[in-house]
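Hello,

Here is the structure I promised to pass on to you. Have a look at it first, and then read on for what turned up in it.

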Amino acid sequence: MRPVRCRLSRVIFGRSSKRPATGSENRRGARQGQQERSTTLNARIDRSTAVAASPRTPLRLLAGTILTIFVAAFVLTPAGTRASGGAPDVSVIVRTLSGAQERIEGFVTAEGGSITAELPIIDGFSATLSQRVADAIGADPSVVSISPDVALAPQASSYDPGTDTNSMASTTKYSGATAWWRAGYTGDGVDVALIDTGVAPVTGLDGTNKVIYGPDLSIESQSSALTNLDTYGHGTFMAGLIAGNDPSLTAPYDQSPPSAYRGMAPNARIVSLKVGTADGGTDVSQVIAAIDWVVQHAHDPGFNIRVLNLSYGTNSVQPYTVDPLAYAAEVAWKQGIVVVAAGGNYGFQSHANNAPALADPAFDPYVLAVGSSDSNGTETLSDDTVPAFSPWPKRGATRGVDMVAPGMHLQGLRVPNSYIDINHPEGQIDTRYFRGSGTSQSAAIVSGAVALVLQKYPNATPDQVKELLGNSASTIIGKAQQIGRGELQMASALSMPLPYASQRWLASTGTGSLELSRGSDHISMDGVPLTGEQDIMGSPFDAPAMAILEAQGKSWSGGIWNGKSWSGNSWSGNSWSGLSWSGLSWSGLSWSGLSWSGLSWSGNSWSGNSWSGLSWSGLSWSGLSWSGLSWSGTNWSGGGWY
């Protein structure tokens, strides 16, 4: 199944830590305009379109906001054999638009080439063919990209975090987190809810009780082999920035070698709620349901969820004062949960007078909206700047970010063979690490910082935490609209008293439109988009009625949300129980009648730092709302992830 567009806060992969990004690095595909491809989102695959779903799968991508498609002109590397004309054959990976793969493959074989592997997750295939045939299919408008199929080497043969200004050893130092560790505050006892694409049990996140899995509300929840796991690669990256803790990281943490990976709050715990699939696709109704679940279960026995990370956002076209997504986030805030939201990448909002400059829900003034800063390769803050992708209001009186935090070229945990790993090999640092940029990363850095504050001040309100971080922020190069209160600086916050603070913004009512909350991001199944006032299950969404239930903490009743069973209703060990979806989806198909046989990991187990026999079929993120701007020089293309 293939969901379409959501915006992840932008992540950029694989850029060197020694220099700022340049315009040439932020490449966008020549065919980016095709099939409603946009260039906005979380990972810095610049909000380009999410890849269309495989023709073999029922769910299709309508439009993509997060992923970026890169098409480069190049001469392919010889594969070592020779075609009949004497010219060397080349080995390539070909990506096509949905529905075009079979035709392109037919042309390749008819011209004497051979198909060496099917790659359904990217609507593509690998092949050995002549340069002439490569040139011919490269000119076909249905071909998204052609790239050499060669053995990939990491960015550095021997990566040394100690010399990388953007390693987490360095980032935790210059952001001031290490000062809190020395004072005894490591995030211990604080749970951080992460609504994202799941979390994979890679080293650094595989410790006992490090990650707790709440309900998997993604479409992939219907495949037991994929439940809770991060097939995209975004959620794991964020979890590592927040609370990564390598087995080799020993107290005192600030004195551990740089090779020991650490997040901002190494002893905090992650509560993962998966809403996105392997190409980033998710619907805003799934995110709202996840936020509601966090509110209602924040203090289940043994739990202390005080932070909610949303490296996600949509380009809602209605005011926050009525927007259902903003309202859900605001309810969480008023229930004592600090909601940290990515501002979005490249200001995908219109920048018209009085139009929002930030993603939804970051545009709600109650939540903590985060933009990105760039270290420019040094550990001093005086030369830090705001990268071009970080959003800010260009005109009018619209809201900007509350603060900025490191978000360029950061070292993160890699999920081998995830969607991002396959599509952005340039982001690979080595076998364990990936490099990414975007407001998604910045939000995760701040979420970890908030966990430190809440360990010291367990009774602090979200308003107080927001004010403390603002008071201690450092002014950097940039306009006030770009940096908000300044760049995160935890060292100065350590000695400051907890301020009195009480925000008095106009409250949201949540009575607006679910469809308008989606903005331009939609998922589709069999060509039928999910639109209008209905959720992922096809159930009517009555915003005023839902808002009343959310205010009362009653939108979830066991595993039922908005009248349908979405999940189980109890904890089972460290995971929330799952449930098979049944009933009608928005397209009229029964969830229970869908085939999930192609949605399985072959081997279904981790082997060291890689999947054992990893493969998947027909999975694709179509939501462009994640805010990870790009992986190592490129951008995230998944819907609303930043």
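**What turned up, starting with a pocket**

Helix H10, residues 462-472, gives the largest share of the lining of the second largest pocket, namely four residues. Please keep in mind that this is a predicted model. In total, 27 residues line the second largest pocket, and those that lie nearest its centre are Phe363, Pro365, Arg399, Gly400 and Trp505. Its volume is about 590 Å³. Sorted by class, the lining of this pocket is made up of 14 nonpolar, seven polar and six charged residues. If you wonder how such a space is found, rolling a probe the size of a water molecule over the atoms shows where empty space is left.

**The chain as a whole**

Stepping back, you will see 14 helices and 26 strands in the protein chain. Of its 642 residues, 65% are buried. The chain exposes about 20,200 Å², and 53% of that comes from carbon and sulfur atoms. Among contacts with a separation of 6 or more, 78% are between residues 24 or more positions apart.

**Aromatic pairs**

There are twelve aromatic pairs in the structure. One of them joins Trp181 and Tyr253 in an edge-to-face arrangement, with 6.1 Å from centre to centre and 90° between the planes. This pair links distant parts of the chain, 72 residues apart: Trp181 sits in helix H4 (residues 177-182), and Tyr253 in the loop between helix H5 (234-243) and strand E9 (269-274).

A second pair to look at is Phe303 with Trp571, which is stacked, with 4.6 Å centre to centre and 20° between the planes. Here the partners are 268 residues apart: Phe303 is in the loop between helix H6 (284-297) and strand E10 (305-310), while Trp571 is in strand E21 (residues 571-572). Phe303 is buried at 14% relative accessibility, whereas Trp571, with a relative accessible area of 25%, is partly exposed. Both rings belong to one aromatic cluster, together with Trp293 and Trp576.

**Two alanines**

The loop between H6 and E10 also holds Ala298. Ala298 is buried, with a relative accessibility of 3%. Which residues does Ala298 contact, leaving aside its neighbours within four places in sequence? They are Phe303, Asn304, Ile305 and Ile337, and Phe303 is the residue that forms the stacked pair with Trp571. The C-alpha atom of Ala298 is 8.8 Å from that of Ala193, and the two residues are 105 residues apart along the chain.

The other alanine, Ala127, is part of strand E5 (residues 124-130). Its relative accessibility is 1%, so Ala127 counts as buried. Not counting residues up to four places away in sequence, Ala127 touches Val90, Ser91, Val92, Val108, Ser114, Ile115 and Thr116. Val90 is 37 residues from Ala127 along the chain, and their C-alpha atoms are separated by 8.2 Å.

**Backbone details to check**

Most residues other than glycine have a negative phi, and most peptide bonds are trans. With that in mind, here are some places to look at.

- Ala251 and Pro252 are joined by a cis peptide bond, with omega about -5°. Pro252 is in the loop between H5 and E9, where Tyr253 is also found.
- Asp360 and Pro361 are joined by a cis peptide bond as well, with omega about 20°. Pro361 is in the loop between strand E11 (338-342) and strand E12 (368-373).
- Asn228 is not a glycine, yet its phi is positive, near 75°. Asn228 lies in the loop between strand E8 (211-213) and H5, and with a relative accessible area of 10% it is buried.
- Asn562 also has a positive phi, about 55°, and is not a glycine. You will find Asn562 in the loop between strand E19 (560-561) and strand E20 (564-565).

Notes: Residues numbered from 1 in each chain as written. Predicted model: local features only at pLDDT ≥ 70, side-chain atom pairs only at ≥ 80, totals over all residues. Heavy atoms only, no water. 1 Å grid on protein atoms, 1.4 Å probe; cavity = no way out; pocket = protein on both sides within 12 Å on 5 of 7 lines; lining within 4 Å. Points joined across faces, edges and corners; volume = space filled by probe spheres on them. Nonpolar A, V, L, I, M, F, W, Y, C, P; charged D, E, K, R; others polar. Buried < 20%, exposed > 50% of the residue type's maximum accessible area, 1.4 Å probe, protein only. Contact = heavy atoms within 4.5 Å. Areas by Shrake-Rupley, 256 points an atom, 1.4 Å probe, with all protein chains shown as cover. Phe/Tyr/Trp six-rings, centres within 6.5 Å; stacked < 30°, edge-to-face > 60°.
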